[in-house]
Amino acid sequence: AGLTPVTGPGIIIELDDNIADQRANPTEDPNSYIVHYEDLLGIVSDLKAAGAEAIVINEQRLISTSELRCVGNVILVNTTRIAPPFQIQAIGNPNLMAETVSYGRLDYLVANRFPVTIKTDQTLVLPAYKGELQFKYTTFS
């Protein structure tokens, strides 16, 4: 459920906007040089497909009801504004997750020269979900 902190082996993915290329091509569309929420969604989907047991984006723990949305020039995760650089941490099989994300959305970002790093770690500590839980269809007896 994501309500408690968890520890285990996993990976850390760090990515940022492609500022260097934007400066080299000032006439290009600036949207092609920024990380979009679709990029984060793709990476999260790849991590889940690889068996990630817990995922955090910029200290925001993802749970089953978490949302990633674009609002203007920021991205919302669990209604918290986050901005680059992005750090995605996931607990699970580090080798499988690193291989899976390398062929997914991360491959597109690397091919387009976005600054991306992937590291494995044997003792990641991910925080608990900090938001509210709303029960709409549950009754208590």
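1. Aromatic pairs first: the structure holds zero of them. For a pair, the ring centres of Phe, Tyr or Trp (its six-membered ring) would have to lie within 6.5 Å, with planes under 30 degrees apart called stacked, over 60 edge-to-face and the rest tilted. What a ring does have here is a charge: Arg105 lies over the face of Tyr108, 4.4 Å from the ring centre. The criterion is NZ of Lys or CZ of Arg within 6 Å of the ring centre and within 35 degrees of the ring normal.

2. A word on what you're looking at. This is a predicted model, in which local features need pLDDT of at least 70 and side-chain atom pairs count only at pLDDT 80 or more, while totals for chains, interfaces and linings use all residues. Residues are numbered from 1 along each chain as its sequence is written, and side-chain values use heavy atoms, with hydrogens and water left out.

3. Now the layout. The protein chain has four helices and eight strands, in the order β-α-α-β-β-β-β-β-β-α-α-β from the N terminus. Helices (H or I, at least four residues) and strands (E, at least two) are DSSP runs, numbered from the N terminus. Among contacts between residues at least 6 apart in sequence, 79% join residues at least 24 apart; contact means heavy atoms within 4.5 Å. Of the 141 residues in the protein chain, 38% are buried. Buried is under 20% relative accessible area, exposed is over 50%, and partly exposed is in between (1.4 Å probe, protein chains only).

4. On to the inside. The largest nonpolar core has 26 residues, and those with the most contacts inside it are Ile13, Leu15, Leu40, Ile43, Leu47, Ile55 and Ile88. Such a core is a set of buried Ala, Val, Leu, Ile, Met, Phe, Trp, Tyr and Cys residues joined through side-chain atoms within 4.5 Å. Two or more residues each come from β1, α2, β2 (54-57), β5 (74-77), β7, α3 and α4, with α2 giving the most, four residues. A second, separate core of six residues includes Val56, Ile91, Leu124 and Leu126.

5. Beyond its neighbours within four places in sequence, Leu15 is in contact with Val35, Ile43, Pro85, Phe86, Ile88, Leu109, Pro115 and Val116. One of these, Pro85, is found in the loop between β6 (80-82) and β7, and a cis peptide bond joins Pro84 to Pro85, with omega about 0°.

6. Which residues of α3 are buried? In this helix (residues 94-102) they are Pro94, Met97, Ala98 and Val101. They sit on the same side of α3 because they cover an arc of only 100° around the axis, taken from the directions from the helix axis to the C-beta atoms. Their cover includes β1 (6-15), α2 (37-49), β7 (86-91), α4 (105-111) and β8 (116-126). At the start of α3, a side-chain oxygen of Asn93 comes to within 3.1 Å of the backbone nitrogen of Asn95.

7. Not counting residues up to four places away in sequence, Asp39 touches Ile34, Arg105, Tyr108 and Leu109. Among them are the two partners of the charge-over-ring arrangement, Arg105 and Tyr108.

8. Is Gln60 buried or exposed? At 14% relative accessibility, Gln60 counts as buried; its place is in strand β3 (residues 60-61). Its side chain and that of Asn78 are joined by a polar contact of 3.4 Å. The term covers N or O atoms within 3.5 Å; within protein, one must be able to donate a hydrogen and the other to accept it, and residues adjacent in sequence count only if both atoms are side-chain atoms. Leaving aside neighbours within four places in sequence, Gln60 is in contact with Ile55, Val77, Asn78 and Thr80.

9. Two backbone spots to check. Most residues other than glycine have a negative phi. Thr79, in the loop between β5 and β6, has a positive phi near 65° and counts as exposed at 64% relative accessibility. Arg113, in the loop between α4 and β8, also has a positive phi, about 65°, and is exposed at 58%.

10. Lastly, Thr65. It is found in the loop between β3 and β4 (68-71) and is exposed, at 57% relative accessibility. Thr65 and Ala1 are 64 residues apart in sequence and 9.8 Å apart in space, C-alpha to C-alpha.
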